Structures are given as C-alpha cells and as structure tokens.
Amino acid sequence: MQIAQAERTRAGQATTADRGATGQPTISVRGLWKIFGPAEGKIAGSPLLELSNADFRLKTGSTIAVRDVSFDVRPGEVFVVMGLSGSGKSTLVRCLTRLIEPSIGEVLLDGEDIRTADEERLRELRRRRFAMVFQHFGLLPHRRVIDNVAFGLELRGESREQRHARARQMCELVGLSAHLESYPDQLSGGQQQRVGLARALAGDPEVMFFDEPFSALDPLIRRDMQNEVIRLHHEVGKTMVFITHDLAEALKLGDHIVIMRDGRIVQAGRPADLVGAPADQYVADFVADVPRANVLTLRWIMRDAQPDDPLDGPELSSETIIRAAVPTAVATEKPIRVVEAGRLLGLVDRVQILTAVAGAEGA
C-alpha cells in the first residue's frame with residue numbers, strides 16, 4: 001500500500017466517524033440469514049439454526065450461505081466485505097439489494113426496511129437510490145459509450161438531451177471523454193469497467209455496491225481502477241459497499257472492513273484493527289504477510305509520556321501511518337508527540353518507528 005493511499009484511508013475514516021457518530025447509518029443490517037434449499041421457508045426460530053453448516057446441510061438438505069450477519073454502513077464511507085470463495089460475501093451484497101431475497105433479518109436503507117418494499121418500490125430504489133458495479137461489465141454491445149452510460153437515465157424516462165448531458169459529465173469524471181462514440185468492443189477491459197463506473201454514477205445513487213468489479217482485470221489495470229475508486233470517492237463522496245477476496249485491495253480501499261468465513265462475520269473494524277489485533281487465527285493468517293508499518297498508525301506503537309521526557313519535539317497526528325512518520329523521526333532526536341484533537345496521547349521515539357518499518361520490510 002502506498003503511503004498516500006494509506007493516509008487517504010485514515011483521513012477518510014476520521015471524516016466518516018465524525019459524520020456518522022450521531023447520525024443514522026445509511027445501511028443497517030440486522031440478523032440477516034440466507035438459506036438455499038427446502039428448509040428456507042420454515043426455519044425461522046428453529047434450533048436447527050444452531051447447527052454447523054455441514055450438519056445443517058445433512059439434516060435439512062439446505063445450505064446456509066449467510067449466517068446471522070449484522071453491521072452498519074455510515075454515510076460516505078467505503079465499507080469492504082472480504083472473504084475467500086464460498087464465504088458468503090457475494091450472496092450478502094445481493095441480499096442487500098434484493099437481487100437475492102434474504103431468508104431472515106432486516107436490511108434498512110436510511111431506516112426503511114427494503115425487505116418490505118413491493119416490486120414498484122424496489123424498482124424505484126434500484127433506479128434512484130443505489131447502483132451496482134459487477135465483475136462482468138454488462139455493457140450493451142450495440143450501443144456507444146455515451147448511450148451505455150445514459151441507459152439507466154433512459155429507463156427513468158429522461159430526455160435524450162438531459163441524459164446525454166449527464167453521461168458526458170460522468171465520462172469526463174472517469175476519463176472517458178475521448179471515447180463517447182466508441183463501442184464496448186473497441187475498449188480495453190479497464191476502459192469498459194470505467195464505463196460501468198460512469199453508468200453507476202450517472203443516476204446519482206446514494207449507495208454504490210461493487211461486487212468484485214476488478215477481479216478479471218490484469219494486475220496493473222486493477223491497480224489503476226482501485227486508484228480510480230479512491231479518487232472518485234474523494235470527489236463525489238458516495239457511500240460504497242465493496243466486495244473482494246483480495247486483502248491488499250480491502251486494506252487499500254476500506255474505511256471499515258468485515259472478514260467473512262462460512263457465512264459469518266469473523267471480524268469487523270478498521271484496517272489497522274484487523275492487522276494489529278486479529279480476532280482469531282483465521283484472521284491472523286490472512287494478515288500475516290501485510291507490512292504492518294504501512295497500515296498501522298502511531299497510536300499502535302506510542303508509549304505513555306514519562307516525567308523526564310522532553311515535550312518540545314515535533315507533533316504528529318495519532319492517525320499518521322507509521323511509515324509516513326519516518327521523515328519526521330529521522331529529522332529529530334527528540335520523542336515525537338502523538339496528538340489527537342490537540343490533546344497529547346503519548347510519545348513515540350525514532351527507534352520505535354524505524355524498528356517497526358524494518359520489521360515490515362522483513363515480513
């Protein structure tokens with residue numbers, strides 16, 4: 001993870017925390033289950049739900065894909081759901097939009113339970129309140145880029161002039177202004193995914209859902225698209241729910257991350273929480289190779305100030321990434337003051353910082 005990207009993520013977390021501390025979450029998920037098979041319609045409240053996934057399958061002939069999941073997504077944050085294949089992450093995001101119907105639980109969008117929405121209301125939500133970007137671009141091959149981007153607005157009934165004006169704005173935003181008249185088969189994979197991003201943004205949705213959108217792209221293009229999501233999030237401030245199996249991608253993009261296994265959430269928190277304090281051995285194995293100094297902040301290595309410590313050294317925020325503090329540490333022999341909202345939290349020495357960085361490079 002590059003330092004600038006890590007610092008953006010930490011800054012985004014602080015901003016999100018400020019906005020969401022007292023306000024209503026954009027999305028609240030409560031006790032969500034998804035069961036595939038004959039048991040789905042008659043299992044609510046059954047003690048069979050306490051069984052392991054394997055035993056449940058043997059007894060009922062059904063599969064638990066999402067098991068008792070609860071979380072909140074705050075306004076304006078990038079919320080990442082990650083896990084290996086079969087963990088339930090893609091089923092979960094489809095339940096949030098009712099592309100798959102949940103079996104049990106609540107999915108609240110600004111307090112409205114979308115599970116109670118009728119077909120007309122659900123269409124309205126999909127057209128105006130949220131948008132999805134998938135791994136497979138789903139572009140219309142016989143339509144130009146501008147018409148693909150404007151397609152959702154066309155379904156809304158907006159005039160050709162209005163929807164094309166909006167599509168041009170979105171194409172400019174994602175760097176496609178030179179390709180308005182091109183057809184999808186004339187574009188690279190990265191450019192096609194940019195069309196998908198522009199199409200999702202064109203409807204000005206409140207929430208954007210990304211289901212492993214970059215998995216099929218080459219590594220360099222994938223990195224560019226990740227940077228594009230970071231840039232777009234900074235510019236348009238949308239609430240984003242991002243699904244991935246890639247830990248590096250999750251750490252790069254996420255303000256908050258949940259890790260799923262066998263349909264359950266095994267840990268939820270900021271990137272630094274997962275790397276610095278894994279909840280169990282499964283998470284510890286996941287993050288074992290992550291360079292800690294590229295993710296953890298100074299609050300993870302600071303110490304309490306002692307009476308004989310000099311307190312006239314340089315000052316850095318507690319949310320400063322350890323690696324980003326190296327230039328300050330090299331330039332002074334005095335302890336660095338670690339502060340939050342002007343309040344001294346602790347001190348960190350040059351040796352602590354350089355040791356943490358050296359350990360990360362050796363990991």
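1. The side chains of K89 and E212 form a salt bridge, 3.7 Å from N to O. The term covers a side-chain nitrogen of Lys or Arg within 4 Å of a carboxyl oxygen of Asp or Glu. K89 belongs to helix α3 (residues 89-96) and E212 to the loop between β7 (207-211) and α9, so the pair ties together parts 123 residues apart in sequence. The structure holds 27 salt bridges.

2. This is a predicted model: local features need pLDDT of at least 70, side-chain atom pairs count only at pLDDT 80 or more, and totals for chains, interfaces and linings use all residues. Residues are numbered from 1 along each chain as its sequence is written, and side-chain values use heavy atoms, leaving out hydrogens and water.

3. Mean pLDDT (the predictor's confidence in each residue, from 0 to 100) is 88 for the protein, with 93% of residues at 70 or more. Residues 1-22 stay under 50. For that stretch the model has 44 contacts (heavy atoms within 4.5 Å) beyond four places in sequence.

4. Helices α8 (residues 189-202) and α9 (residues 219-236) pack at about 20°, axes 11 Å apart. Helices here are DSSP runs (H or I, at least four residues), and strands are E runs of at least two, numbered from the N terminus. Axes are lines fitted to C-alpha atoms over the stretch in contact, with angles from 0 to 180 degrees between N-to-C directions. The two helices are therefore roughly parallel (under 35 degrees).

5. On the α8 side, the contact uses G190, Q193, R194, L197 and L201. From α9 come I221, M225, E228, L232 and V236. These residues divide into six nonpolar, two polar and two charged. Asp, Glu, Lys and Arg count as charged; Ala, Val, Leu, Ile, Met, Phe, Trp, Tyr, Cys and Pro as nonpolar; the others, Gly among them, as polar.

How values were computed: Angles under 35 degrees count as roughly parallel, over 145 as roughly antiparallel, 65 to 115 as roughly perpendicular and the rest as oblique.
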